[in-house]
Amino acid sequence: MSAQLSWWIGFNAFVLIMLALDLGVFHKNSHVVKMREALTWSGVWIALALIFNLGIYLGWFGPYTAAERPQMALEFLTAYLLEKSLSIDNVFVIALLFSYFAVPEKYQHRVLFWGVLGALVMRAILIFAGISLLERFHWIIYVFGAILIVSGIKMIFHKEKESDPSKNPVLRLTKKLIPVTDTYHGQKFLIRENGKIIATPLFVVLVLIEWTDLVFAVDSIPAVLAVSKNPFIVYTSNVFAILGLRSLYFALSAILPLFRFLNYGLAAILIFVGGKMLVIDFFKMPTAISLGIVGFILLVSVVASLAIPKPTEAAASVN
């Protein structure tokens, strides 16, 4: 038990150190994150996740025996890929929020930093709650599976025009609870005017990003729990995916509209994982096959997006 606790403490200490370096050193001064910087940091976070994955396999990280390590490493890789792919949908919503509230580019990283910090806390709570429920009530797995399938179907038929931040009930509630100014005050989330605490638009965007992550976590965490019920594997794979979300946003936000079939791929992944949970008592799919299917769906959706032009583009090329 002490060995497990030491790994938990060590991993979280590593996360806190990386976050402190991120905000206190590399992004001490607010600036516009360019593509090159975003791609570099994306590569760093992906490399760290893969090194950690290799470390689990070789016995460097995690309280696992030699017999357990290969399976734990495979579960981590599958869970990480699954969480990373599903987090792409967050990027669409973040881009929408930044555009709607006209968030200055040099302050976007700061909003995402605190958004990620809040997301880590919420994910930890949801992960342990989900694992506890599965251990006590096996039938919950069917509820999780149904949630994933319904979410996948809804994603297929979702229209961009339906996403209107002004209609978000969380936005209305925030404005009722605290006065909100229409103007930005640098990188401040809260200001004091006439003795009253007033929220800036940055604070409102931060609240909506936290709410968005909570909504997406309802899909992604049950999906990851279909891969592994080991708390350390589920938590660490989630953390690595979340930590790379900021750089992923800055790297992909400009080119995501090109991948018009990606949402269908993510929907197919949710439906696949949900179906896998519903039949788990009759057929338990090997983790390696699940990893291959998730990777294949992502590859097909990306290739199809690049190979098949939009109808308007196709018509223009004919003319």
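**Entry 1**

I started at phenylalanine 76, which is buried with a relative accessible area of 1%. Buried here means under 20% relative accessible area, exposed over 50% and partly exposed in between, with a 1.4 Å probe and protein chains only. This is a predicted model, where local features need pLDDT of at least 70 and side-chain atom pairs count only at pLDDT 80 or more, while totals for chains, interfaces and linings use all residues. Residues are numbered from 1 along each chain as its sequence is written, and side-chain values use heavy atoms, with hydrogens and water left out.

**Entry 2: the chain as a whole**

Next I looked up the layout: the chain has 12 helices and two strands. I took helices (H or I, at least four residues) and strands (E, at least two) as DSSP runs, numbered from the N terminus. From the N terminus on, the order reads α-α-α-α-α-α-β-β-α-α-α-α-α-α. Of the 319 residues in the chain, 45% are buried.

**Entry 3: aromatic pairs**

I use a simple rule for rings: those of Phe, Tyr and Trp (its six-membered ring) pair if their centres lie within 6.5 Å, and planes under 30 degrees apart count as stacked, over 60 as edge-to-face and the rest as tilted. I noted 21 aromatic pairs by this rule. Why is the pair of phenylalanine 11 and phenylalanine 52 tilted? The ring centres of phenylalanine 11 and phenylalanine 52 are 5.5 Å apart and their planes stand at 50°, so the pair is tilted. This pair links distant parts of the chain, 41 residues apart, with phenylalanine 11 in helix α1 (residues 2-26) and phenylalanine 52 in helix α2 (residues 35-58). Both phenylalanine 11 and phenylalanine 52 are buried.

**Entry 4: a nonpolar patch**

Which residues make the nonpolar surface patch of about 520 Å²? I found Ile51, Leu54, Tyr57, Leu58 and Trp60 there. Tryptophan 60 lies in the loop between α2 and α3, and at 47% relative accessibility tryptophan 60 counts as partly exposed. The areas come from the Shrake-Rupley method with a 1.4 Å probe, and for residues only the protein chains shown count as cover.

**Entry 5: two contacts across the sequence**

Valine 111 has its place in helix α4 (residues 105-136) and is buried at 0% relative accessibility. Valine 111 and valine 205 are 94 residues apart in sequence, with 7.6 Å between them in space, C-alpha to C-alpha.

I then turned to lysine 196 in strand β2 (residues 196-199). Is lysine 196 buried or exposed? Lysine 196 is exposed, with a relative accessible area of 56%. From lysine 196 to proline 179 I noted 17 residues in sequence and 8.7 Å in space, C-alpha to C-alpha.

Terms used: Patches are made of residues with over 30% relative accessible area and no salt bridge: like charges are joined within 9 Å, nonpolar side chains (Val, Leu, Ile, Met, Phe, Trp, Tyr) within 5 Å. A salt bridge is a side-chain nitrogen of Lys or Arg within 4 Å of a carboxyl oxygen of Asp or Glu.
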